[in-house]
Amino acid sequence: MTAELPPGLALQKVDERIMTLNVGPQHPGSGHMRIIVQIDGDYIVACDPDPGYVHRGEEKMAEYRNYITNIPHLERPVIHDSCNVLYPYVLGAEELLGIEVPERAKYVRVIASELNRCIYTMYWLAIYGIFLGHSTMFMWPAGDRELLIDLMEKMTGARVTHAHFVPGGVRNDLPPNFEDVCLRQVNYFEKRIKEYAAIFYDNPILISRTKDTGVLSRQDAIRLGTTGSVLRASGVDYDLRKKEPYDVYDELDFQTNVMKEGDSYARSRVPWLDMMESCNIIRQALQKMPKSGSVRVKLKPNPKGIVGSVYKRVESGRGSLGCYIVSDGKPEPYRVKMSVGSFRNLIALPYLLKGEKLGNMPSVYWSLNYWPVEADR
Amino acid sequence: MSSDSEKPVAEAKPETKPTSPPPAKPAPKPAAKKQEEKPIPVFEKGISEKIVEKFGDKVKVTFVKEDRVGINATKESVHEVAEFIRDALNYDHVESVSGVDYPADNEIEVVYHIGSYSDNTLARQVLELTTRAPRESNPIPGNDATKLPSLRDIFYSVEFHEREIFEMLGVYFEGHPDNRRLLLPEDWADLPPLRKDFAIKGR
């Protein structure tokens, strides 16, 4: 007797236990990133990251500018780590053009790259602190990174986006007296970050929120192709500065930091240990650097006639950064692809959050050392 | 103060140097480079020979240089080749997947950069596996001939990369469990933006 309703009008039964929650974009717990989580009570049953919010098409824009004019905008994805983001592109362009870089420029690059790694990691640490409600850990790193930003300003003239590395070397030589100032600041900086252990890493509240949450086993870290601190916190000793040394990293003595646990605590501790290793590298580089000499081989403004493809990679604050350049002989590259650490680590997020409590989402998510703007480029 | 007075002297020298030596410098470098390029890296050659021995005409070695090996596979054999690379050659993850549009050849090239964490001898190596899909001038992403087999069941790490290639170049990956958009806006209704016929406004 009852007439069937058309399918569009038929009521659908709702599973009351499962709720979909949109965290972000622009949320204090997610940054510029939307994480669609499905929760059952307090537990996450599924997670779908949606990174495309600040997409600016860097790769497409690179096809419209020549090798030199690409530099200021290819560093935009991570402005705090702009030297490292640009590094593989510059190395790739040098290989295509067949340029040999002066020795002093290589050391200047290593110093700039390590300073940038610390500047980025301090910013990341500040946000990690505020995500967990630890206000002191927001203010201390935010203040201490000013020391290094001042150094970079002395070196390049700009506080964040430096555009300092160019195919053939670096743009400017170091200012007079830079070595002494740098050594003094770095020594003080290292003393400061050692104090973070007492207030942050040994803090029982932090430990209870990060230990044994979001555990990524060694096997899964390899299988998912994660990189950087996420990989090293899971017990894989892989750092491109050691495994495939570029510029002068093979002449410097340092070690990679590896932890076995693979939980949020290990993932947040490895970048902090890396910063101390960076201070070590900077001190050695300042000592071994040739005291004088050229820092740049001048290029033609429109380098033409380069044919071929190249894939170069470096280790940044967030992991391996690769740049694939295809060139067909025109002044502009035919295709530039940036393979970035944030994008590669994001794949682990759904696996890590499954079965976690919603309250642990910020600590697991931000321990991936994720930079939203870099992931969608 | 002493370092201040030393610096200008040190800086003055290099400024004159780059102007005069460049004509002399480039001449020995290409010669030195050619000498370096001539001997084929043995280790890398061994890797490429193993693949050629197994697959014969199905694959083509595009280049063998230091730490890099380039292999070109056909659309039909790429899945099989990738499986061999993982199981027999110990490569365990994909670092990067790039798509390159070639409108002149009517093809889109997909490039997998494959590396290894678990095998220490391969730590420096990157294997470049390329394959090509037919390209259509009026693309309907997902519903045209621009299709390739997905490598998701071999390398988990390609999951997001292949989703990116799908939206940016319109290459549909058959067998991928989750062929959705990743980066573009939800209401994107234009050409796939990384194709060469998609022009930036004002250019």
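Q: Where should I start?

A: Residues are numbered from 1 along each chain as its sequence is written, and chains are lettered from A and ligands numbered from 1 in the order in which they are written. In this predicted model, local features need pLDDT of at least 70 and side-chain atom pairs count only at pLDDT 80 or more, while totals for chains, interfaces and linings use all residues; side-chain values use heavy atoms, leaving out hydrogens and water.

Q: How many aromatic pairs are there over all chains?

A: A pair of aromatic rings is described by the distance of the centres and the angle of the planes. Rings of Phe, Tyr and Trp (its six-membered ring) pair if their centres lie within 6.5 Å; planes under 30 degrees apart are stacked, over 60 edge-to-face, and the rest tilted. Searching the whole structure gives 21 aromatic pairs. Take Phe343(A) and Phe160(B): their ring centres are 6.3 Å apart and their planes at 55°, so this pair is tilted. The pair crosses between chains, from helix H12 (residues 341–346) of chain A to helix H5 (residues 159–169) of chain B. Helices here are DSSP runs (H or I, at least four residues), as are strands (E, at least two), numbered from the N terminus.

Q: Are Phe343(A) and Phe160(B) buried or exposed?

A: Buried means under 20% relative accessible area, exposed over 50%, and partly exposed in between (1.4 Å probe, protein chains only). Both Phe343(A) and Phe160(B) are buried.

Q: What kind of pair do Phe55(B) and Phe84(B) form?

A: Theirs is edge-to-face, with 5.5 Å between centres and 85° between planes. Phe55(B) lies in helix H3 (residues 42–55) and Phe84(B) in helix H4 (residues 78–87) of chain B, 29 residues apart. Phe55(B) counts as buried at 8% relative accessibility, and Phe84(B) does too at 15%.

Q: Which residue lies over the face of Phe343(A)?

A: A charge sits over a ring if NZ of Lys or CZ of Arg is within 6 Å of the ring centre and within 35 degrees of the ring normal. Arg377(A) does this for Phe343(A), at 5.3 Å from the ring centre. The charged end of Lys242(A) sits over Phe254(A), 4.6 Å from the centre of that ring.

Q: How many residues of H11(A) are buried?

A: Of its 25 residues, 20 are buried, so H11(A) is largely enclosed by the rest of the structure.
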